[in-house]
Amino acid sequence: MARRVPLNDPDRAIQVIAEDGGVILTGFSSVEDVQRVNEDAAPFLEAFRAERTSSTAAPETARCTRLFGRSDTARESWLQQEPLQKIFTHFLRTVTKPYHWVGDGYGELTTNPILSAAATLDIGPGAKAQDLHRDDFIWQQTHSERRTTYTLGSDVGMGLLVAGVKTSAANGATLVSFLSN
């Protein structure tokens, strides 16, 4: 069962994500902000349906890509929340020692999380459920065995799912496989 943690307790959320592979963040968004993001995405979802140029999407599915560029609310009210940034940074910041001199010795190069994709998916009735998968396959991540403990630094990305409507298994809500980190 997924554990719930208030977004304003990012340290606890970090602990739960490390232990369980995911967390439900309560207090993440208001209903009004979800409605605004839905409204922002609506014309792009309709255009996707009308053009239907992608063969990778099921006929019942529409996509609005580049969401944070198309929705001020998603970008400013969701993505820029300090507690969320703390969670992302904890798991995704990298620190490396490049092979060049900085001053009197080798320096460190720190890279904070980089947004690589943001989309709204509208999955209609009759869509077939996706097979169980990890979204990090698009970065050629392979997982040869199931881990029993989490290793910091092993992630190349994090997924953030925000339900735009009331969801259930019956209406095709995305399922999360906890302990899959």
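Predicted model: local features only at pLDDT ≥ 70, side-chain atom pairs only at ≥ 80, totals over all residues.
Residues are numbered from 1 along each chain as its sequence is written, and side-chain values use heavy atoms, with hydrogens and water left out.

Of the 181 residues, 27% count as buried (under 20% relative accessible area, 1.4 Å probe, protein chains only). The protein has 5 helices and 8 strands, taken from DSSP runs (helices H or I, at least four residues; strands E, at least two) and numbered from the N terminus.

Let's look at helix α1, residues 10-20, where Pro-10, Ala-13, Ile-14, Val-16, Ile-17 and Asp-20 are buried. Seen down the axis of α1, these residues fall within an arc of 165° (from directions of the axis to the C-beta atoms), so they line one face of the helix. Gly-21, with a positive phi near 90°, follows α1.

| Element | Residues |
|---|---|
| β1 | 4-6 |
| β2 | 24-26 |
| α5 | 82-92 |

Phe-91 is one of the residues with the most contacts inside the largest nonpolar core, which has 28 residues (buried Ala, Val, Leu, Ile, Met, Phe, Trp, Tyr and Cys joined through side-chain atoms within 4.5 Å). Leaving aside neighbours within four places in sequence, Phe-91 is in contact (heavy atoms within 4.5 Å) with residues including Ile-14, Ile-17 and Tyr-150.

Conventions
Buried < 20%, exposed > 50% of the residue type's maximum accessible area, 1.4 Å probe, protein only.
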